[in-house]
Amino acid sequence: MINLTFIIILIFYISCVGLLSKWLACLFQENFSQLSYPGRLCHSWLARAARICLLSVPAWLAAACAAPSSGAGITIAAGEALFFAIYAAFLLAMFCSDLEQQIIFDKQLALFSVFGLLHSLLFSLPWAQHILAALAGGLAFLLLAVLTRGGIGGGDIKLIAALGLWLGGEALKLTSLGGIIIGGLWALGAILVKKKKRRDFIPYAPSFILAAFAAYILHILPH
């Protein structure tokens, strides 16, 4: 017998992915002049939604392994799974946006931040510390952007700040360090195979997003 909670969460997640994919398609059209590769804008929102669902499989498997299998934690885990669905859908939509057009829209980040703060309040997390983590993370990456002369973009700064609302200080440190390491390795590999040059722009947001999944599963999901 298939678990009813699992079906509800799956339907909810697919709905989130569909809505965010459709919204992303609209944002691309509304901000066409800001896109890095407007000539490549050929993916339909439905194709993008299918790709996001496929990309999310490893994260959901890891989350399932981290969740409790019995006891009172199941109720909490079900509630967390719904927020994890929102978290995953937003992050993967932004992952696709940054890879496709090297842009993450402020509207996406603003709504993602609201859900992050709501998550902290509903699950009795130290919301004040999460707000401080968002401010500290944003300021630290603003300084890093200045020091690297644009190596870290404005979208990366806002993404880190938004993740602070979801993750808090300790998990945000893991995300930041992990993202820098993953991004550095990816950049080095791209340079070695001659797909990028040293002075080319390297999108770091996908690396931070990958690290953010690990941080959420390790630090936020109930065990």
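This report describes the fold, the surface and the aromatic pairs of a predicted protein model.

Residues are numbered from 1 along each chain as its sequence is written. In this predicted model, local features need pLDDT of at least 70 and side-chain atom pairs count only at pLDDT 80 or more, while totals for chains, interfaces and linings use all residues, and side-chain values use heavy atoms, with hydrogens and water left out.

The protein chain has eight helices and zero strands, where helices (H or I, at least four residues) and strands (E, at least two) are DSSP runs numbered from the N terminus. Of its 223 residues, 44% are buried, a term for under 20% relative accessible area, with exposed meaning over 50% and partly exposed in between (1.4 Å probe, protein chains only).

The structure holds 18 aromatic pairs, in which rings of Phe, Tyr and Trp (its six-membered ring) have centres within 6.5 Å, and planes under 30 degrees apart count as stacked, over 60 as edge-to-face and the rest as tilted. Two of these pairs are set out below.

| Pair | Type | Centre to centre | Angle between planes |
|---|---|---|---|
| Phe90 and Phe115 | tilted | 5.9 Å | 55° |
| Phe112 and Trp166 | stacked | 5.4 Å | 25° |

The pair of Phe90, in helix H4 (residues 73–101), and Phe115, in helix H5 (residues 106–122), links parts of the chain 25 residues apart; Phe90 is buried at 4% relative accessible area, whereas Phe115 is partly exposed at 25%. The other pair joins Phe112 in helix H5 to Trp166 in helix H7 (residues 154–192), 54 residues apart, and both of these residues are buried. Ring pairs link twelve residues into a cluster, among them Phe90, Phe112, Phe115 and Trp166.
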